[in-house]
Amino acid sequence: MIFSTSLFLVFFTIVFLVYWFVLGSIKNEDKRLKARIIFLLLASYYFYMSWNPVFILLILFSTVVDYIAGKKIHNSVSQKQKRFYLVISLITNLGFLAYFKYVNFFLGTVNDITGSNFFVDVILPVGISFYTFQSMCYTIDIYYGKMKPSKDFFEFSLYVTFFPQLVAGPIVRAIDFIPQLKVNQYFKDINFQLAANYFLLGLVKKVVIADNIAQFSDPLFANPDQFGTLSSWIGVTAYSVQIYCDFSGYSDMAIGVAALLGFRLMENFNMPYNATDITVFWRKWHISLSSWLRDYLFIPLGGSRVSKKIFYYRNLMLTMLLGGLWHGASWNFVVWGGLHGSALIVHKLYKTKYSDNFKFSKIGQSAYTVGAWVVTMIFVMVTWVFFRAQTFGDAAQVLQNMFTFQESVDYRIPIAFVALLAITVVGHFFGTKYYQEVEEKQHHMFKNPYLQGALFGLAIFMVILFGSDDNQAFIYFQF
Amino acid sequence: MKKEHRLFIIQLVIAVALFLGLSFMVKKAFMSDPKAQSYLEFNEGVKKMASSTYALVDSLIATNDLTFDPTSGKDIDKVLNNLKYTDNKKLLIVGSSQMRVVQGEEIQDAYQSLVSRKIERYNSKGYSTYNLSLGGMTTKEKLIMTTKGTEIINPERVLVSVTPWDCLSDKLRPSIKAIQGKTYASLEKTDEVVTKEATNTGSDEVFPLNINSQITETVDKIVEDNIDIYSKRAAIKTWLSDKTTKVLKGIKDGTEATEEVFKTNLPLYWFTVNQDLDNLSGWVSETAQSGKKSIKIVNKDPQNAKWLGNDIILDTPTDTFEFEGWSKAENVSSSTKLYCIDFQVIFEDGTSKWHYKGLTFNKGTHDWEKVTTRVRFDKKVKSIKPHVLFYGGTGTVWFDQIIAKPLYDGVLGDNVLPNSDFEEELKERQNVTYTYTTAEWKRIEQNMFAVVDHIAGLATKEQNVLLFTPFWHHNEKTAYPQKAQYNNLVETVKKYCEQKNVAFVDASYILTKDNFGIYTKGSVRDKIDVLHFNADAHEKLAKYIIKELNL
């Protein structure tokens with residue numbers, strides 16, 4: 001079930017009305033809270049089963065294992081016992097992930113080396129990477145004593161399956177979300193402005209920009225050898241816009257939908273294409289994943305507090321390589337992660353050795369910032385080629401098109417491409433000027449409420465008139 | 001009511017008012033255009049076609065008769081699982097979209113017009129055809145589909161269609177890759193009700209989710225019926241796009257652009273490689289021997305720079321030509337290897353030769369200088385390809401009036417090169433063409449050999465077949481403008497088929513322009529579709545195949 005479909009509109013309307021008005025009429029506070037949790041859990045299961053009913057069993061199994069493991073870890077007296085239950089949890093979660101997501105990648109690599117033809121007929125359960133990470137961090141946090149286990153199975157189950165962010169994030173931490181389930185929400189407290197702002201913004205990003213601009217990137221990656229230099233740059237730029245608007249659009253809609261039910265999800269993107277270096281880019285892109293990797297992989301590996309710098313860079317590289325692999329079972333994603341890991345290392349080295357030595361005039365500083373932004377963006381765009389291309393060969397062909405002059409069949413820059421790019425650029429670079437931070441500085445909204453209202457109207461108009469005719473699935477569903 | 005909620009209600013009022021206002025304005029502007037009706041009709045046609053595609057797949061699955069896949073390979077697994085059983089002889093056809101697209105027709109009616117259906121109807125030997133044709137299958141994909149199709153239906157014969165276009169790429173789509181290692185039950189007579197149950201064990205059986213699609217349809221219909229701008233949105237989007245394009249063209253040209261003309265700022269026919277200028281900047285007005293324009297090469301470093309055109313096929317082959325051309329030079333280095341006009345001529349027997357003798361210009365700096373020569377080859381020439389070269393030197397050169405005139409019985413014919421004076425601009429492309437480098441032609445040939453090897457090795461009862469499918473063949477613009485290379489490919493592959501005992505059917509030129517349609521959507525909208533043909537053409541092709549194979 002996709003947020004941008006009429007089916008979701010009906011589903012959510014029913015959920016909203018029952019949640020606030022039917023269950024909200026229960027007088028007893030505890031019973032109301034319990035009823036709402038169970039109802040949202042059932043709604044979340046239905047939401048997931050709309051895609052494939054069988055795989056709900058997988059989520060259920062992981063939920064049961066992690067719920068029990070969490071309790072066992074907490075109640076264990078010895079460190080050895082704690083570790084044992086943590087390992088059970090990790091093996092279960094990573095085992096499922098390895099089998100469903102990586103088995104054919106592994107077999108494909110073996111086939112390439114040995115010439116064999118092994119293949120397992122397996123479907124990748126939608127959102128498995130997201131809910132697995134979410135479920136895992138619950139047991140890890142309990143292991144490190146950061147939180148106590150949930151006493152209520154339904155409460156924990158809802159944390160794992162909460163439908164607004166179940167299939168494509170943001171990845172929520174138990175430590176942030178479970179406390180929200182312990183307090184009764186009130187209709188009067190809903191921040192409708194914020195919810196509408198996020199949902200409509202996400203909808204425009206997805207159906208107006210991402211789905212429409214895909215027409216300029218899809219053909220390039222389908223037949224890269226038939227494109228020239230100009231059209232390849234257009235295609236790669238289009239994909240850079242598409243992936244941002246598609247993914248951040250989903251996150252925005254998830255935040256909006258959750259807000260209408262009284263929940264707060266973390267901001268997942270913060271104008272990443274404004275970044276003037278790769279480190280800042282990763283602070284702004286897919287924040288819930290990058291912070292997850294930082295807290296549960298990079299820091300446990302030793303992080304930056306290591307005896308030698310080289311170990312710091314190793315940790316950084318390992319984190320990015322695994323982060324790349326998290327996105328998909330292909331060497332292309334590993335290369336993508338590796339390139340970003342290398343860039344982060346280079347940036348750290350550069351910052352340490354040179355950056356602080358520069359003294360610029362005001363104009364010089366502006367020129368330096370613009371230059372740094374251009375370099376960062378070109379790097380990010382080039383690496384998206386590996387992210388999007390189906391094979392290394394295709395990626396190499398696209399890069400060759402981009403960086404050596406290739407005849408273009410057509411020298412036109414499509415008007416629709418320019419328009420969609422312009423909307424993104426204007427929103428991305430100038431939108432921030434009109435934003436204010438709200439809700440403990442976690443979310444943003446327009447300062448001027450009347451302008452906000454006008455933008456709601458404009459968003460609805462654009463979605464209805466310019467929304468893509470196809471209901472395309474979100475790119476990150478596949479991860 | 002909280003202040004924030006009151007404010008939100010005000011925001012909603014503003015939003016609705018703005019939405020209605022914008023909708024009213026856009027719709028009014030659209031409806032006042034005299035062409036609005038045609039946009040609406042076009043929109044209806046597209047919608048009908050889109051829905052009929054899915055309706056068609058569903059109805060074919062329901063009757064267990066799904067033998068082709070109009071969904072670009074998305075449902076190929078489903079297709080393979082739904083191949084029907086027949087007592088007839090079985091002909092497995094594997095090809096690209098040409099074999100499943102009926103250009104210019106509605107898909108539902110078109111299904112019966114497909115070449116596979118026509119073969120089934122017209123042949124006298126009781127063949128059932130199985131058309132496993134997807135959009136743009138590459139060689140690798142064809143080999144996989146041939147293997148899978150043969151495993152399942154155990155056909156008497158296999159026919160694989162090929163074109164240069166689909167034998168160029170080595171791509172493998174994930175949907176086809178995914179079926180590579182899978183095993184499908186082969187069709188035995190006892191399997192009369194083929195795996196229909198197996199394929200329907202999807203979500204509907206386990207969990208009653210069909211209500212979801214009913215909800216979607218109902219809501220979409222309510223929205224469609226009640227929000228006027230929503231139901232007309234595709235038409236309005238196309239209209240807006242056309243309007244914007246026209247306005248921008250008008251601003252750029254300083255004139256009111258018409259729909260028929262689209263300027264490219266590129267010279268017709270000629271293109272340049274290996275130099276500092278491109279097709280845009282190398283076509284200049286700064287100097288010209290005649291008219292206003294010429295072509296230019298700037299070599300800052302010694303490069304093998306040139307301008308060239310495509311092959312020109314002669315209506316009547318001849319052995320004598322008169323070539324001429326003009327050039328102007330500035331600081332052309334003495335180390336320059338070639339600064340000349342050079343013609344690549346292809347003889348009737350397929351061999352070729354380069355000719356630049358008598359067509360070399362002086363180095364250094366000079367104003368417009370003419371070269372001319374008459375040459376008699378020892379064999380008749382069937383096509384020529386012009387090049388103007390500036391190899392291995394530095395400096396700047398301009399060329400103009402590049403002319404090639406054939407002689408027939410001592411009488412000089414007309415110049416055969418298009419846009420010799422470089423005055424003519426490339427207008428809107430009328431069709432899509434496929435031009436390849438020598439290396440690409442080689443790869444195409446190798447891929448075709450791979451297909452021949454593969455089908456020669458299949459354990460079928462009768463001889464398998466390789467088919468060269470038809471394309472739009474027109475003297476000036478054609479799907480494959482390098483006719484010499486194309487014909488050479490046909491001959492080579494034909495010989496290879498003979499060696500491998502594979503039947504060869506060449507249908508390249510059996511159709512006429514009328515058989516090809518116009519793209520109605522996408523980036524090539526309004527262009528001639530040079531590879532897909534209409535129902536009449538499918539019928540012609542089916543009859544041709546039946547005749548050639550004695551089916």
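Helices (H or I, at least four residues) and strands (E, at least two) are DSSP runs, numbered from the N terminus.

This is a predicted model, where local features need pLDDT of at least 70, side-chain atom pairs count only at pLDDT 80 or more, and totals for chains, interfaces and linings use all residues. Residues are numbered from 1 along each chain as its sequence is written, while chains are lettered from A and ligands numbered from 1 in the order in which they are written.

**View 1. Confidence along chain A.** The mean pLDDT of chain A comes to 86, and 92% of its residues get to 70 or more. A quick reading tip: where pLDDT is low, the predicted coordinates should not be read in detail.

**View 2. Where chain A meets chain B.** Chain A brings 38 residues to the contact and chain B brings 46. Two residues are in contact if their C-beta atoms, placed from the backbone, lie within 7 Å. On the chain A side, helices H1 (6–22), H8 (192–222), H16 (415–430) and H17 (449–466) each supply at least two residues. H17(A) gives the most, with 13 residues. Sorted by class, this side of chain A has 21 nonpolar, twelve polar and five charged residues. Ala, Val, Leu, Ile, Met, Phe, Trp, Tyr, Cys and Pro count as nonpolar, Asp, Glu, Lys and Arg as charged, and the others, Gly among them, as polar.

**View 3. The largest nonpolar core.** This core has 122 residues, and Tyr159(A) and Ile213(A) have the most contacts inside it. Zoom in on Ile213(A): leaving out residues up to four places away in sequence, Ile213(A) touches Ala238(A), Val241(A), Gln242(A), Phe417(A) and Leu420(A). A second, separate core has 62 residues, including Val101(B) and Cys497(B). A nonpolar core means a set of buried Ala, Val, Leu, Ile, Met, Phe, Trp, Tyr and Cys residues joined through C-beta atoms within 7 Å. A residue is buried if 20 or more other C-beta atoms lie within 10 Å of its own, exposed if 12 or fewer, and partly exposed in between, with C-beta atoms placed from the backbone.

**View 4. Two residues with positive phi in chain B.** Most residues other than glycine have a negative phi. Asn274(B) has a phi near 60° and sits in the loop between strands E4 (271–273) and E5 (283–284) of chain B. Asn274(B) is partly exposed, because 13 C-beta neighbours lie inside 10 Å. Phe422(B) also has a positive phi, near 60°, and belongs to the loop between strand E11 (411–412) and helix H13 (438–456) of chain B. Phe422(B) is buried, because 27 other C-beta atoms are within 10 Å.

**View 5. An annotated stretch of chain B.** An unreviewed UniProt entry lists residues 7–26 of chain B as "transmembrane region". UniProt positions follow the numbering used here, feature names are shortened, and annotations may be inferred rather than shown by experiment. In the model, residues 7–26 of chain B are 100% helix and 0% strand, with end C-alpha atoms 28 Å apart.

Notes:
pLDDT = per-residue confidence, 0-100.
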